[in-house]
Amino acid sequence: MKEEEKQNKKTVPMKGKSAMKKRWVYPAVYLSFAAVILTSVLWYQNDAKNTENNNTPDSALEDNGAAVPVSLTKEVFQMPVSDPEAIEVVKDFFSPEAPAQEQEAALVFYNNIYYQNRGIDLATADNKAFDVTAALSGNVVKVAKDPALGFVVEVEHDKGVVTHYSSLASVSVKQGDQVKQGAVLGQAGENAYDTDAKIHAHFEVRKDGEAVDPVMAWDQSVAQLATAVDDSRKEMKKAEEKKAVEEQKKAEEKKPAEEKKPAPKAEDKGSKDTKDTKDSKGTKDTKDTKDTKDGKDGKDANREQESSSQSAEDTNAPAADDSGANE
């Protein structure tokens, strides 16, 4: 039995060993492993790229409604209306650098006082109401009813930028809401501040609380607008400093030549007067002293003369006194 089993075992073919003896087996195995490794690397790279793209949202709100900084988005400022083609600017931003005629057109007359327009006024040609939308995604920080301006909505963005919407007849948001770009904030209406504009919407862009021309914000991101405003302020500051230096220089040139030079003559005159006064005083004191001395000497001379006369009289006295004494 053992011999038969040994014979049976010997007759069983070894398929694995025979296959490994073939030349094409090892290259095929290596190629298979290489294909698996290459596929894994490509899959990992694609997965990492998709994850990175998903981390940058297309709006200011994630799918779960959580707010994200607007600076991470690619949004740019848009006209705050649903149909820009039907809207026109009826009053421009008041710019100190604009011509006088344009500045006059950018004034608002209210309570017998002219005010500079700190934004732009939007209206339709047929004076109809229209939807006012968010120019950029952000957080609603103010919703109020102003007696002069109507309903007011303010939306906060990144880098100290705030958009202001007023002269609204109604509002569709409340304070604390997070809105996307293009979301309806309210409807345009009339207000008591600018009755000449009739039905319109007032729109402002503010950087660090200071109003800037909204026209310079169109098609700009928040970061681009903030950089442009900061650069503009630096240029204005340099221009003001240069102007101040030039004015000071002109003022110095207009001064008389006498004011520029010191006046030493006044000091010499004073010294001379002091010297004269001193000399006069010294002369006077010397004279008074001399007079006093002369008076004293004359008085002493008179006293000596009187003493001499008295001595002479005593010498010439009669001898009777002596004889009487002897007696």
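The lining of the largest pocket comprises eight nonpolar, two polar and five charged residues; Ala, Val, Leu, Ile, Met, Phe, Trp, Tyr, Cys and Pro count as nonpolar, Asp, Glu, Lys and Arg as charged, and the others, Gly among them, as polar. The model is predicted: local features need pLDDT of at least 70, side-chain atom pairs count only at pLDDT 80 or more, and totals for chains, interfaces and linings use all residues. Residues are numbered from 1 along each chain as its sequence is written, and side-chain values use heavy atoms, with hydrogens and water left out.

**Pockets**

- A pocket is an open set of points on a 1 Å grid over the protein atoms alone, where a 1.4 Å probe fits, with protein on both sides within 12 Å along at least five of seven lines; lining residues have an atom within 4 Å of a point.
- The largest pocket has a volume of about 430 Å³, the space filled by probe spheres set on the points, which are joined across faces, edges and corners.
- Of its 15 lining residues, F93, S95, P96, S232 and M236 lie nearest the centre of the largest pocket.
- Helix α5 (222-254) supplies the largest share of this lining, four residues.
- The second largest pocket holds about 170 Å³ of space.
- It is lined by 15 residues, and N117, L149, Y193, H202 and E204 are the closest to its centre.
- Strand β11 gives the most to the lining of the second largest pocket, three residues, and that lining divides into three nonpolar, seven polar and five charged residues.

- Helices (H or I, at least four residues) and strands (E, at least two) are DSSP runs, numbered from the N terminus.
- Eight of the eleven residues of β8 (residues 161-171) are buried, so this strand is largely enclosed by the rest of the structure; buried means under 20% relative accessible area (1.4 Å probe, protein chains only).
- Two strands pair if DSSP finds at least two bridges between them.
- β8 runs antiparallel to β7 (residues 150-156), with five bridges, and to β11 (residues 201-207), with six bridges.
- β8 also pairs with β10 (residues 184-188) in the antiparallel sense over three bridges, where S170 has Q187 as its bridge partner.
- In the hairpin of β7 and β8, four residues lie between the strands, and K159 takes a positive phi near 60°.

**The whole chain**

- The chain has eight helices and twelve strands.
- Buried residues make up 24% of its 327 residues.

Notes
Buried < 20%, exposed > 50% of the residue type's maximum accessible area, 1.4 Å probe, protein only.
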